[in-house]
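Please look over the structure shown here before reading on.

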Amino acid sequence: MSMNTKKVGVEYFFMRLDRAKNTKRNVIIGGIDKVSGVLLPFIVRTMILHVIGAEYLGLTALYYSIVQMLNLVEMGFGQAIVYTMYKPIAENDTPAIKALLKFYSKVYTISGIIVTVIGVGIMPFLPSMIEGEPPSDINIYYLYLIYLINTLLGFFIYPQYKALLLAHQRDDVSGSIHIFTQLAMYILQAGVVILTKNYYLYAAMMPLTTLIYNVLNGIRVKKKYPQYRPEGNLDPAVYGGIKKQVAGLMIRKLAMLSRNAFDSAFVSAYIGLTMTTIYGNYYYIVDSVAVILAVVKTSMAGGVGNSIALDSKEKNRKDMQNIDFLYMWLSGWFTATMLVLYQPFMDIWVGEELMLPFGCAILFSIYFYILKMSDIRTLYAESSGIWWESRYISVAEALSNILLNWIFIQLWGVYGIIIATIISYFIFNFVGGAVVLFKYFFTEGGIKEYFKSHLIYALISAVVVTVTYLISELVTFGGIPGFIIKGVICVILPNIMFLLVYFKSEHFKNSRPLVEKVLKIKKEK
């Protein structure tokens, strides 16, 4: 880290994070973490499908949806605290950071108690959330309690230290611990599935490893940042600002839940557990690819927050444009790969009987690309703390998605769920979210350029995706050999086309120094 000194009335010491080095470090550790977090559960999920049965994964999807809804009680305090830490970290204000940690811990304890009460109160209504009969050897209440306990551990065991790492752009610290604990969990789960076929034991591995992860992470963070202990009281002005941001964040979280948790709940209630599993398998692919790509976004979060605290809005706007360009290149490439390999992969993985029509693969690919369109803009919106200003947009997105889910699932089944999410997300999150960011943060303008750029990115990506798919269809044989050949096409062809289109563009030229700076290998100081 480098320390810059600046005078504003009195002398402050401003801490400028080494953003490129932190981003590179976070991308490496985060990438390993996310890839292992995709591959390992995929292996275990496959074992459950073939050894135990699809209905069990349907229950898992439903319970994940419920605990995600329960997490609304947290109301976004975590993100609000991270945002509030950017300024005291930049100013090296240790007492303020310690007071924030104490407040964070207190809020999470209260939230955990509320989640416990509500979570237990939901139990009598579980049967009405399931269409058809659950597996005969499963008590839905016992299994639900395991998932609830796993969630509660995040509220009571060292919750405040995750925020401290994110604000310092050092989530690689917790990431390395997470890699170890999740590897242990999936190995244990695989062993349980193969040796015992006991779904209760399989589920019990989650709270066990979550407990170990939280304890190890807390110990390591306390050693790394011994100067930060939860103590002291918040400045009233800071407390008031947090309350306002939390209100906006809670509403935004409701919108996010309406895109995935409510989707699975609608499928479970209207179509059944088996279709919930099939839908979940397809959504699992979208979510896995999105998570891998989002490593880039999350790795930059602390650096963007630090830049917003220290640099001009104009510089931040230009940085956002250049990062957005690179991110949408990656998103277009991933979308082409997804469309080409979706059905061949599903055929190899689960078999034809658990596949959706190709039209669903197209919709899921569109859904993925539209999700990625907002990622970098969302990164800057979160780092600038304009959640409260986004409250009406978030409410509109959530209500729209829930209403359209209810209407469209009765008209078009699973197709309707995906279409509902695409429509509500594009209108309210992408368009509406951009309007809010440029109105309240990038106040000097640029929104027309932003929309124009994304229109160009989308049209170019559509052509690249279509050409890649048509070329891949020339591979007429299936199975693993066909999948591999199509995969090679997806690695090479889209990027050649993007390079031919973009290499003379201004954003390409502006982005090259950023890429070179992140990729350049430096010795740790």
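What follows is a short account of selected features of this structure.

This is a predicted model, in which local features need pLDDT of at least 70 and side-chain atom pairs count only at pLDDT 80 or more, while totals for chains, interfaces and linings use all residues. Residues are numbered from 1 along each chain as its sequence is written, and side-chain values use heavy atoms, with hydrogens and water left out.

Helices here are DSSP runs of H or I with at least four residues, numbered from the N terminus. Helix α8 covers residues 199-224. Its 26 residues should span 38 Å at 1.5 Å a residue, and the end C-alpha atoms are 38 Å apart, so the two values agree. The expected span is 1.5 Å times one less than the number of residues.

Several residues of α8 are buried, among them Y199, Y202, M205, P207, N214 and V221. Buried means under 20% relative accessible area, exposed means over 50%, and partly exposed lies in between, with a 1.4 Å probe and protein chains only.

At the start of α8, a side-chain oxygen of N198 comes to within 2.9 Å of the backbone nitrogen of Y200. K197 is in the loop between α7 (171-195) and α8. The phi of K197 is near 55 degrees, a positive value in a residue other than glycine. Most residues other than glycine have a negative phi.

R229 is found in the loop between α8 and α9 (236-270). With a relative accessible area of 32%, R229 is partly exposed.

**The second largest pocket**

Rolling a probe the size of a water molecule over the atoms shows where empty space is left. A pocket is an open set of points on a 1 Å grid over the protein atoms alone, where a 1.4 Å probe fits, with protein on both sides within 12 Å along at least five of seven lines; lining residues have an atom within 4 Å of a point. The second largest pocket has a volume of about 640 Å³. It is lined by 22 residues, and the closest to its centre are I285, V289, L341, F345 and F483. The volume is the space filled by probe spheres set on the points, which are joined across faces, edges and corners.

Which helices each supply at least two residues of this lining? They are α1, α10 (273-310), α11 (313-349) and α17 (479-502). The most comes from α11, with nine residues. By class, the lining has 19 nonpolar, three polar and no charged residues. Here Ala, Val, Leu, Ile, Met, Phe, Trp, Tyr, Cys and Pro count as nonpolar, Asp, Glu, Lys and Arg as charged, and the others, Gly among them, as polar.

Helix α1 runs over residues 19-52 and contains L39. L39 is partly exposed, at 48% relative accessibility. T46 is also placed in α1, and it counts as buried at 18% relative accessibility. The side chains of T46 and W349 are joined by a polar contact of 2.4 Å. A polar contact is a pair of N or O atoms within 3.5 Å; within protein, one must be able to donate a hydrogen and the other to accept it, and residues adjacent in sequence count only if both atoms are side-chain atoms.

Helix α11 holds N316 and N322. N316 is buried, with a relative accessible area of 0%, and N322 is buried at 12%.

| Pair | Separation along the chain | C-alpha distance |
|---|---|---|
| L39 and S288 | 249 residues | 8.9 Å |
| N316 and F442 | 126 residues | 8.7 Å |
| R229 and Y161 | 68 residues | 9.9 Å |
| N322 and H507 | 185 residues | 5.7 Å |

**Cysteines**

How many disulfides does the structure hold? It holds zero, a disulfide being a pair of cysteine sulfur atoms within 2.5 Å. C360 is buried at 1% relative accessibility, and C490 is buried with a relative accessible area of 1%.
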